[in-house]
Amino acid sequence: MRISSHRWDLSPREAVALQKKLAGRVVRERRLGPVARVAGIDVGFCDGVARAAVVVLSYPELEVIDSVLATRPVTFPYIPGLLTFREGPVILDAMGKLGTVPDLLIFDGQGIAHPRRLGIASHIGLLLDLPSIGCAKSRLCGRHEEPCLERGCHILLIDHGEIIGEVVRTRSRVKPVFVSIGHRVDLSTGIEYVLACCRGYRLPETTRWADRLAAGKRL
DNA sequence: GCGACAG
DNA sequence: ATCTTGTCGC
């Protein structure tokens, strides 16, 4: 895969300007072919070092077929809305080591459900030009009603009148996740894959594996 | 000015 | 994200 990039050593103010510029390039329509490989991506931190994990699962079997790790010193603080500038660099390092090209990327974070419509799933999906979706454990912006308690129920996430994602119940009676378009996927398709990847857990198995690897545990 | 705030 | 014991529920 071709990895395009840009400078990452920006001030928060410059980072915001870059997000506004890149947001216009995000493709919100479905432009993906058959999905046979889904990747989960996550980053863990320890002693000033960021460790990114990418785990590729076969679809629909959801069996691990590849995984890579990458580490690099942390150079950017956590600032709501600027998460990509903290986790992006090490994620690109890991993606560069991947011997497989995923058909779909699932991120632990927002896609366009972001103040400037460029959450980490959209930003990285755009740089890799790969279909991606955001699957966050909590809300960054937007408002919503409570989705019903059964698995599969979902309700719109709206920000200033714009639909930016959906709050999805991946397990009955368990806290819902926030699904949003990353790049080259539509919302319905994104929800479809997130649900298809959740067999018994609240988060997709893709991000679950990546979570463990990034935290320094074993698969 | 006062909250809210992905990981 | 990460630091952390016991405890509640199925």
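The hairpin of strands S1 and S2 has 2 residues between the strands, and Asp47 in this hairpin takes a positive phi near 50 degrees. This is a predicted model, in which local features need pLDDT of at least 70, side-chain atom pairs count only at pLDDT 80 or more, and totals for chains, interfaces and linings use all residues. Residues are numbered from 1 along each chain as its sequence is written, chains are lettered from A and ligands numbered from 1 in the order in which they are written, and side-chain values use heavy atoms, with hydrogens and water left out. Helices (H or I, at least four residues) and strands (E, at least two) are DSSP runs, numbered from the N terminus.

**The hairpin and its neighbours**

- Strand S1 covers residues 37–46, and strand S2 covers residues 49–58.
- S1 and S2 pair in the antiparallel sense over 10 bridges; two strands count as paired if DSSP finds at least two bridges between them.
- Within this pairing, Ala39 stands opposite Val56 of S2.
- S1 also runs parallel to strand S4 (residues 104–107), and 4 bridges join S1 to S4.
- Ile41 has Phe107 as its bridge partner in S4.
- Because 7 of its 10 residues are buried, S1 is largely enclosed by the rest of the structure.
- Buried means under 20% relative accessible area, exposed means over 50%, and partly exposed lies in between (1.4 Å probe, protein chains only).
- Leu104 lies in strand S4 and is buried, with a relative accessible area of 0%.
- Leu104 and Gly190 are 86 residues apart in sequence, and their C-alpha atoms are 9.6 Å apart in space.

**Backbone details in loops**

- Asp47 sits in the loop between S1 and S2, and its positive phi occurs in a residue other than glycine.
- Asp47 counts as exposed because its relative accessibility is 74%.
- Asp129, also not a glycine, has a positive phi near 50 degrees.
- Asp129 lies in the loop between helix H3 and strand S5 (132–136), and at 39% relative accessibility Asp129 counts as partly exposed.
- Tyr59 and Pro60 are joined by a cis peptide bond, with omega about 10 degrees.
- Pro60 belongs to the loop between S2 and strand S3 (64–73).

**DNA strand B**

- DNA strand B is surrounded by 18 residues, and the closest are Tyr78, Gly81, Lys137, Ser138 and Arg139; a residue is near a strand if one of its heavy atoms lies within 4 Å of it.
- By class, the surface near DNA strand B has 7 nonpolar, 6 polar and 5 charged residues.
- Ala, Val, Leu, Ile, Met, Phe, Trp, Tyr, Cys and Pro count as nonpolar, Asp, Glu, Lys and Arg as charged, and the others, Gly among them, as polar.
- Sugar or phosphate accounts for 51% of the atoms of DNA strand B within 4 Å of the protein, and bases account for the rest.
- A backbone N or O atom of Gln110 is 3.1 Å from a base nitrogen of DNA strand B.
- A polar side-chain atom of His114 is 3.4 Å from a base nitrogen of DNA strand B.
- A polar side-chain atom of Ser138 is 2.8 Å from a phosphate oxygen of DNA strand B.

**DNA strand C**

- Gly44, Phe45 and Lys137 surround DNA strand C.
- A backbone N or O atom of Phe45 lies 3.4 Å from a phosphate oxygen of DNA strand C.
- An N or O atom in the side chain of Lys137 is 2.9 Å from a phosphate oxygen of DNA strand C.

- The largest pocket has a volume of about 410 Å³.
- Its lining has 24 residues, and the closest to the pocket centre are Tyr78, Leu83, Asp108, Gly109 and Gln110.
- On a 1 Å grid over the protein atoms alone, a pocket is an open set of points where a 1.4 Å probe fits, with protein on both sides within 12 Å along at least five of seven lines, and lining residues have an atom within 4 Å of a point.
- A volume is the space filled by probe spheres set on the points, which are joined across faces, edges and corners.
- S1 and helix H2 (84–97) each supply at least two residues of the lining of the largest pocket.
- That lining divides into 10 nonpolar, 7 polar and 7 charged residues.
- The second largest pocket holds about 180 Å³ of space.
- Residues lining the second largest pocket include Arg2, His6, Arg25 and Asp129.
- Helix H1 (12–23) and helix H3 (120–128) each supply at least two residues of the lining of the second largest pocket.

Notes. A polar contact is a pair of N or O atoms within 3.5 Å; within protein, one must be able to donate a hydrogen and the other to accept it, and residues adjacent in sequence count only if both atoms are side-chain atoms.
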